[in-house]
Amino acid sequence: MELLTASSATFSPLPSNFPSFTFKATISKLVFTAMLVTSTTIALSETPSLALSEENRLFLEAWRTIDRAYVDKTFNGQSWFRYRENALRNEPMNTHLAIRKMLATLDDPFTRFLEPEKFNSLRSGTQGALTGVGLSIGYPTASDGSSAGLVVISSMPGGPANRAGILSGDVILAIDDTSTESMGIYDAAERLHHSAICAPLRRTKIEIGKFGADLMGPEGSPVELTVRSGAEIRHLALTREKVSLNPVKSRLCVVPGPGKSSPRIGYIKLTSFNQNASGAVREAIDTLRSNSVNAFVLDLRDNSGGLFPEGIEIAKIWLDKGVIVYICDSRGVRDIYDTDGTDALAASEPLAVLVNKGTASASEILAGALKDNKRAVLFGEPTYGKGKIQSVFQLSDGSGLAVTVARYETPAHTDIDKVGVIPDHPLPKTFPKDEDGFCGCLQDSASTCNMNGGQLFAR
């Protein structure tokens, strides 16, 4: 995605042109100052490279976006202003290449240039459907034990990759015989995507890692993946399909109990944070409430994120009050997302949340908020650990920038980057990931995955 990508993102226009009079005024001051020093400097200041061509303007637009938005105001220990001046004087203005070179100096794999077709593909993943193999991939973390390849964050249930047995934690070693050892997530997407026509987008908070790396392409087209699962290496031929992004599945589970006290548990599986997510969760809660549920289970396993605002909105559904997340930069906390209970829908019933290493980005924000506010008990394994936020900005030529704009901390001021949210309890290893299997485990006391209601909601 976790980018900051969000479902109901507010699009705030970026300046499409860097004002020429401002820049020329700056140059005039530089030249005037230089006249007091040496004639050599004057000659350099008057070189043709300072002319503001269209390429210059696009480069400056990208430079100013980073200047305003990037989380690290040391810009990886360099003078950002001096870089701009040197680039305009000395860099050949192949604009996209110059922008890529500029971003590379930040040494941040999540801050990337997006060509127009990549920009559109990234946005298409938040709209409700895409064509691909149903994989979300990210960069390896220390816990993955290897820096080679791209790590599978989640495999969409029922998708081509999932049917082929690709699971969270597997490593993609090659795509169509091209090694992924030094391949970025956007490069991986570029090899496999098919451009879609999307409406213009100026700025949106989006979590890269979810949709930015989904292996998209034309429906029916083949793709070959080399995947390492543990010690086993497999070569898989997959066919891209239309992958539905309906984000919510739900079910009522009636667990046998003495007399008329059978627990009625509402199970909600949230698979992504697209623009439909919060509305779908509300609808599921209303439907389950109509069946007199007395507790909820929210399953965030293999949910690798999506739209940041949707994560915030869903947290508000479950909380009557409290901090949801702190947004931080190099100077500390710069913004606080909280709730006063106005939007709460299910703030009183017992709640259990299921997580695993495929739970990432917006999912981790939601899980951390529910845990730290003592609203829910978390079960499973430590989550993925993507604690940085990216925003996507559109440039005036239709290309875009994905920029790391912040990091986040949970309400208890825990920085989960590369660590993850730690659950309260583990789940049985045989615990299923589908709604039917979940109910079966709760209903069958002899099953190896059985957990009774007391276990599921006890702290």
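Student: In this predicted model, where does Thr180 lie?

Tutor: Thr180 sits in the loop that connects strand E6 (178-179) with helix H8 (185-192).

Student: What makes Thr180 count as buried?

Tutor: Its relative accessibility is 0%, and buried means under 20% relative accessible area, so Thr180 counts as buried. Leaving aside residues up to four places away in sequence, Thr180 touches Gly149, Leu150, Ile172, Leu173, Ala174 and Ile175.

Student: Which backbone atom lies 2.5 Å from a polar atom of the Thr180 side chain, and what makes that pair a polar contact?

Tutor: The atom is the backbone oxygen of Ile172, at 2.5 Å from a polar atom of the Thr180 side chain; a polar contact requires a pair of N or O atoms within 3.5 Å, one able to donate a hydrogen and the other to accept it, and the distance of 2.5 Å is within that cut-off.

Student: Why is helix H3 called roughly antiparallel to helix H4?

Tutor: Helices H3 (residues 54-69) and H4 (residues 80-90) pack with their axes 11 Å apart and at an angle of about 170°. Angles over 145 degrees count as roughly antiparallel, and that makes H3 roughly antiparallel to H4. On the H3 side the contact is made by Asn56, Phe59, Leu60, Trp63, Ile66 and Asp67, and on the H4 side by Trp80, Phe81, Tyr83, Arg84, Ala87 and Leu88.

Student: How do you know that both faces of strand E13 are covered?

Tutor: In a regular strand the side chains alternate between the two faces of the sheet. In E13 (residues 295-299), five of the five residues are buried, with Ala295, Val297 and Asp299 on one side and Phe296 and Leu298 on the other.

Student: Which strands pair with E13, and in which sense, parallel or antiparallel?

Tutor: Strand E12 (residues 264-270) pairs with E13 in the parallel sense over five bridges, and Gly266 stands opposite Phe296. From E12 the chain passes through helix H9 (residues 277-289) to E13, in a β-α-β crossover that is right-handed. Strand E16 (residues 351-355) also pairs with E13 in the parallel sense, over four bridges, and there Val297 stands opposite Ala352.

Student: How do you know that strands E1, E14 and E18 each pair with E19?

Tutor: Two strands pair if DSSP finds at least two bridges between them. Strand E1 (residues 112-114) has three bridges to E19, in the antiparallel sense, and the bridge partner of Arg112 is Ala402. Strand E14 (residues 322-329) likewise pairs antiparallel with E19 over three bridges, with Glu409 as the partner of Tyr326. Strand E18 (residues 388-394) is joined to E19 by seven bridges, again antiparallel, and Phe393 stands opposite Leu401. E18 and E19 form a hairpin with five residues between them, and Gly398 in the turn has a positive phi of about 95°.

Student: What makes E19 a mostly covered strand?

Tutor: Nine of the ten residues of E19 (residues 400-409) are buried.

Student: Why is helix H11 described as largely enclosed?

Tutor: H11 (residues 362-372) has nine of its eleven residues buried, so it is largely enclosed by the rest of the structure. The buried residues are Ala362, Ser363, Glu364, Ile365, Leu366, Ala367, Gly368, Ala369 and Leu370. Lys374 follows H11, and its phi is positive, near 55°.

Notes: Residues are numbered from 1 along each chain as its sequence is written. This is a predicted model: local features need pLDDT of at least 70, side-chain atom pairs count only at pLDDT 80 or more; totals for chains, interfaces and linings use all residues. Side-chain values use heavy atoms; hydrogens and water are left out. Buried means under 20% relative accessible area, exposed over 50%, partly exposed in between (1.4 Å probe, protein chains only). Helices (H or I, at least four residues) and strands (E, at least two) are DSSP runs, numbered from the N terminus. A crossover is right-handed if, with the strands pointing away from the viewer, the path from the first strand over the helix to the second runs clockwise. Contact means heavy atoms within 4.5 Å. Axes are lines fitted to C-alpha atoms, for helices over the stretch in contact, and angles run from 0 to 180 degrees between N-to-C directions. Angles under 35 degrees count as roughly parallel, over 145 as roughly antiparallel, 65 to 115 as roughly perpendicular and the rest as oblique.
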